[in-house]
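Work through the exercises below with the sequence and the model at hand, and try each task before reading its solution.

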Amino acid sequence: MMMQRRELLVATAAGATTLAGCAGGGDGTDEAAIRDETLTLTTTTSTYDTGLLGEVNAAFEDRYGVTVDAVAQGTGAALETGRSGDADVVMVHARSLEDEFIREGHGVNRRDLMFNDFVIVGPEDDPAGIDGVSQAREAFRTIAETESTFISRGDTSGTHTKELAIWDEAGVEPGGEWYREAGSGMGEVLNQAAQTPGYTLTDRGTYLSQRSELDVSIRVEGPIEGGPERLANPYGIVAVNPGVHENVNYDLAMSYIGFVTSQEGQDVIEQYTVEGEQLFFPESVSAEPNFQQYVPEDWTPDEE
């Protein structure tokens, strides 16, 4: 996925995101059928910490007269809540975990939603000397070799999943006094990194939304600013399968998915900024939609 800023133009083809088989509003929603109902959404902490979730949910609630009960847990916990049938829809950012959720039969009708990227942030004096490093694995390896403090989410979130994959690529099993697992959301981990001080991996959106209060800076960029594609951070949205969990509000879940992937919902995402910075880039409405968004990434037509 190419993520340079000048390539982030979104096509506006009318009707491109209408849900098949539905009737009603411009995103395929039957507004009268869902009014006054409550949707339970579990999602990653980054959508909450940045303030984006409040904007998207308010627009959905205002348009359709419903309530969104949003629970920010981190990707791993959000998917576990979906597995138990205690959520109607999940919005997360770890494709491998999303694919597992779908393969197990707990999720259906996945859609690409938006993206930003991950960045490595650290103290102004950069004790590990990772400024200008071109690959995330090299930066992680250097942090480990210099035993510079690293604050990990340590919570099975999408960010933690990405972090562990990078350590694996670096050939490093992190541990010792320099490696600290916070078990907290992204906002809290950024605060710990600033106070310690130390390094951490963060999504760009959460960092930008809190940058004015933090004494850490971006040391290694993600692909939005020309960094390695390995730090791409795509978000997906998945309905919980009513065939497995009959108590879920599937119609409302699909109405929400229809809204956030419609032109109106994508505009809310694109126009959300903090101090003039765009935090997320919409991905659902595209001149070249990606078929692979609907199925696990390694799925082939020959699979039974």
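**Exercise 1.** Which element gives the most to the lining of the largest cavity?

*Solution.* This is a predicted model, in which local features need pLDDT of at least 70, side-chain atom pairs count only at pLDDT 80 or more, and totals for chains, interfaces and linings use all residues. Residues are numbered from 1 along each chain as its sequence is written, and side-chain values use heavy atoms, with hydrogens and water left out. The residues lining the largest cavity are Thr-47, Leu-52, Leu-53, Val-56, Met-91, Leu-113, Met-114, Val-260 and Ile-269. At least two of the lining residues come from each of α3 (52-64) and β4 (107-122), and α3 gives the most, with 3 residues.

**Exercise 2.** Sort the lining of the largest cavity by class.

*Solution.* The lining has 8 nonpolar residues, 1 polar residue and no charged residues, where Asp, Glu, Lys and Arg count as charged, Ala, Val, Leu, Ile, Met, Phe, Trp, Tyr, Cys and Pro as nonpolar, and the others, Gly among them, as polar.

**Exercise 3.** Decide whether Asp-112 is buried or exposed, and list its contacts beyond its neighbours within four places in sequence.

*Solution.* Asp-112 lies in strand β4. Its relative accessibility is 10%, so Asp-112 counts as buried (buried means under 20% relative accessible area, exposed over 50%, partly exposed in between, with a 1.4 Å probe and protein chains only). Leaving aside neighbours within four places in sequence, Asp-112 is in contact (heavy atoms within 4.5 Å) with Arg-95, Tyr-235, Thr-261, Glu-283, Ser-284, Asn-290 and Gln-293.

Key: On a 1 Å grid over the protein atoms alone, a cavity is a set of points where a 1.4 Å probe fits but cannot get out, and a pocket is an open set with protein on both sides within 12 Å along at least five of seven lines; lining residues have an atom within 4 Å of a point. Helices (H or I, at least four residues) and strands (E, at least two) are DSSP runs, numbered from the N terminus.
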